[in-house]
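Subject: Structure for your review

Dear colleague,

Please find below the structure that I am handing over to you.

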Amino acid sequence: MYAALQRDFAEALTDPGRAVPKDIAACHADDAARRFSIYRNNVAVALIDALAARFPVTQQIVGDDFFKILAHLFIAAHPPASPLMMFYGEDFPGFIASFEAAKDIAYLPDIARLEAARTRAYHAEDAAPLDAAVLRAIEAKDLGDVRFSLHPSVEIIASAYPIVTILAMHMGGIPLAEITDWQSEDALVSRPYLDVDIRCLPPGSAAFLHALSGGHTLAQAVEYAVAAHSDFDLGINLALLFNAGLVTSLSIVSPEDMSP
Amino acid sequence: MMTVKTNVAGISLAGSLATALALLSGPASAGPAPAQPTMDKCYGVSLKAQNDCAAGAGTSCAGTSKADYDPAAWKYVAKGTCETISTPKGMGSLKAKS
Amino acid sequence: MSRPSDLPCAAGVGFKPQHFEAIAAGPQPLGFFEVHAENYMGAGGRPHAQLHSLRAHYALSIHGVGLSIGAAGPLDGDHLARLKHLCNRYDPQSISEHLAWSSHGGTFLNDLLPLPYTQETLAIVCAHVDQVQSTLQRQILLENPATYIRFAQSAIGEADFIAEITRRTGCGLLLDVNNVFVSSVNQGTDPRAYIANFPLDHVREIHLAGHAETHDGGARLLIDAHGAPVADRVMALYAEVIAKAGPIPTLIEWDNDVPAWPQLLAEAQCAQIILDAHQSQGARSATAA
């Protein structure tokens, strides 16, 4: 009985084409449909607002009206499966990528990926970054055999577009203007302490960090990085690891124990 | 016999370590600082995310008085910043639903 | 029996992260803070750093909005486990949820939806409250909803329905006075009659919030929007509840268009004045006796 009523209610909430469940009453008989629309509105607004809260730059890029359509269609296709609204929209970047009307804004899915990563980093597990003094204590001969544990918040969003520059323009970091130097940018997202950092990675860094987070030693990671980009600069990347608070622990592995 | 690795893929580990130590922020290392390599544009520069954006959506136990449920009234017209961001292929535009 | 809810008998406010610095600047004249459970179900970061700091100085109420206790189907075991983990982490003075449903068929609808009041739904809600209390090993408080419709098949009045849940499960109650007012206006019923019928001796917390007023084809319609000061008539109804039941921990909820800290604090002070009037009255009569 109740299960059927709730099913009718839930279906009518998200599908305006459906009739209002017949069991619903209001103090005046003809009010029922209008009253039911308050719940429809609450649900629609709350879910659209949840996406807007997590993807504010995506929203600014396409404008409010377009964003509402995008969000509305996404919600219909991917309704939230969990009450943790801060994580709603994991599939939103992929949905945008497949959305015909937004195809001309080729960088948009990557901006949404970056925004999704930013929220994950914000809520990621806490871990204390390792002090840079540790690096000073390492001898050059051991450097290749160092294995790093990276902070749980670390994510890399590699892009063919200048996504960090575009994000910065919308966060007030730099003025919104024409981008004359239109280049690919790989974004590093991390949260060593309480604030999320977003940085543009130097060439080869993405491959280097992926290899390190996969458990490879520094020497192995350098090989991946150089293969990805011949301009890879290990000095800058080592400094970045510590300056950005990306390392939570390290160990020097013996040559017999080289498998990641 | 164990060989000491000094180079990986043509990169000197000792040289890289010296460069890295020179670039470390925080308490300055003892002795004169070696010449700093140039850092390219935004590398290493952190863009602090605004917390309210980074947090994502909060839950609410409130309803809304913002009547905003009429998809038919929404337009596919771009009113966003994509009109300012020019790409090598020209301005991005949003296509009306065909 | 499981641990009862034990918030200090004073005014508190719903914590908003944008107020954290103002709150941390000095001791606030508040009995407790309340947070929505789901917003603290991430692993770490600033939300937990702030909550940890608040918890060190104030009593805490954890208020869930996503458990869907009124759902026809089973509770989400994963979500209940997350709530238990959160409660273990912060040891709050109170844990509360809503007499409503918000999930169906694996989809979270992000709104507190109404249920008919029948013997069938009573049994379902009681089973769910039992499950939550036995999992958490403590009493929870259940909150009366703000409603915009009613169901033709409802055979039990809301206050009676809630009284029976308390009787069967031993849960405490969270009386949202604004919800009483909003529902009464929307349903054309008398809020005083509702309060008269409500099991006030089981109320362990009160919620106050602002509502939005609109019109629905000529009829007055109130929306529980939590985006304005508490309406005068709601504050008056609250004063009547306190006069009748004595002081009860009271929370100001402000979730939309959140004001600066001083204004929110001032709202809480309004409730505190009413609580103080009855606390001293109670103290005087105790002295006289």
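For the helix angles given below, axes are lines fitted to C-alpha atoms, for helices over the stretch in contact, and angles run from 0 to 180 degrees between N-to-C directions. Please note that this is a predicted model.

Helix H10 (residues 205–213) of chain A lies across strands S3, S4 and S5 of chain A, and runs at about 150° to S3(A). Helix H6 (residues 108–123) of chain A also lies across S3, S4 and S5 of chain A, at about 170° to S3(A).

These strands belong to an open sheet of four strands, ordered S3(A)-S4(A)-S5(A)-S3(B), with antiparallel pairing. Its edges are strand S3 (155–157) of chain A and strand S3 (47–48) of chain B, each of which pairs on one side only. Within the sheet, S4 (residues 186–190) and S5 (residues 197–201) of chain A are joined in the antiparallel sense by five bridges. A:Ala187 has A:Cys200 in S5(A) as its bridge partner.

Chain A also meets chain C: 42 residues of chain A are in contact with 40 residues of chain C. On the chain A side, helix H1 (2–14), strand S1 (24–25), helix H2 (32–54) and H6 each supply at least two residues. The largest share, eleven residues, comes from H2(A). By residue class, this side of chain A comprises 29 nonpolar, five polar and eight charged residues.

S1(A) and strand S8 (residues 150–151) of chain C run antiparallel and are joined by two bridges. There, A:Ala25 stands opposite C:Arg150 in S8(C).

Yours sincerely

Terms used
Residues numbered from 1 in each chain as written. Chains lettered and ligands numbered in written order. Predicted model: local features only at pLDDT ≥ 70, side-chain atom pairs only at ≥ 80, totals over all residues. Pairing = 2+ DSSP bridges. Contact = placed C-beta atoms within 7 Å. Nonpolar A, V, L, I, M, F, W, Y, C, P; charged D, E, K, R; others polar.
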